[in-house]
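Have a look at the picture below before reading on.

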Amino acid sequence: MAQAMRSRSSISLLATDGKPHPLQDALLAATVVLGAVALITAFFPDLHLLTSWAGLIGILTGGYGQFISATTRERFALVVGLGASALGFFLGMAHGGLFGGLIG
């Protein structure tokens, strides 16, 4: 029964296939953090520059993370981060946009 034993070299909450995914995990963390920043700062209209840029970068990192993700758990967390980033981005754009007042 030696073949039934499997060694766990890396334990991750997001990797259900037993393999490490460092790039995907880094993109996931960046997307969730940027989404949280964009969503929290969206409640303050004066912070529209931070909100819109954090949201835009979160959307881009989340989109690339979705493109290269390997497991369903990674994709689920990326969708949550993408949703927060998109909501923050749209509210930041409504409050003044990416360059609001700096250009033009």
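Helices here are DSSP runs (H or I, at least four residues), numbered from the N terminus. This is a predicted model, where local features need pLDDT of at least 70, side-chain atom pairs count only at pLDDT 80 or more, and totals for chains, interfaces and linings use all residues. Residues are numbered from 1 along each chain as its sequence is written, and side-chain values use heavy atoms, leaving out hydrogens and water.

Let's begin with α1. The axes of α1 (residues 22–41) and α3 (residues 72–95), which are lines fitted to C-alpha atoms over the stretch in contact, come within 7 Å and cross at roughly 30 degrees. Angles run from 0 to 180 degrees between N-to-C directions. That makes α1 roughly parallel to α3, a label for angles under 35 degrees. On the α1 side, the residues that meet α3 include Leu27, Leu28 and Gly35.

Now turn to α2. How far apart are the axes of α2 and α3? They lie 7 Å apart, and the two helices pack at an angle of about 150 degrees. That makes α2 roughly antiparallel to α3, the term for angles over 145 degrees. The contact includes Gly55, Ile59 and Gly62 of α2, along with Leu82 and Phe89 of α3.

Finally, follow the chain onward: just after α3, Gly96 takes a positive phi of about 160 degrees.

Definitions and conventions
Angles under 35 degrees count as roughly parallel, over 145 as roughly antiparallel, 65 to 115 as roughly perpendicular and the rest as oblique. Contact means heavy atoms within 4.5 Å.
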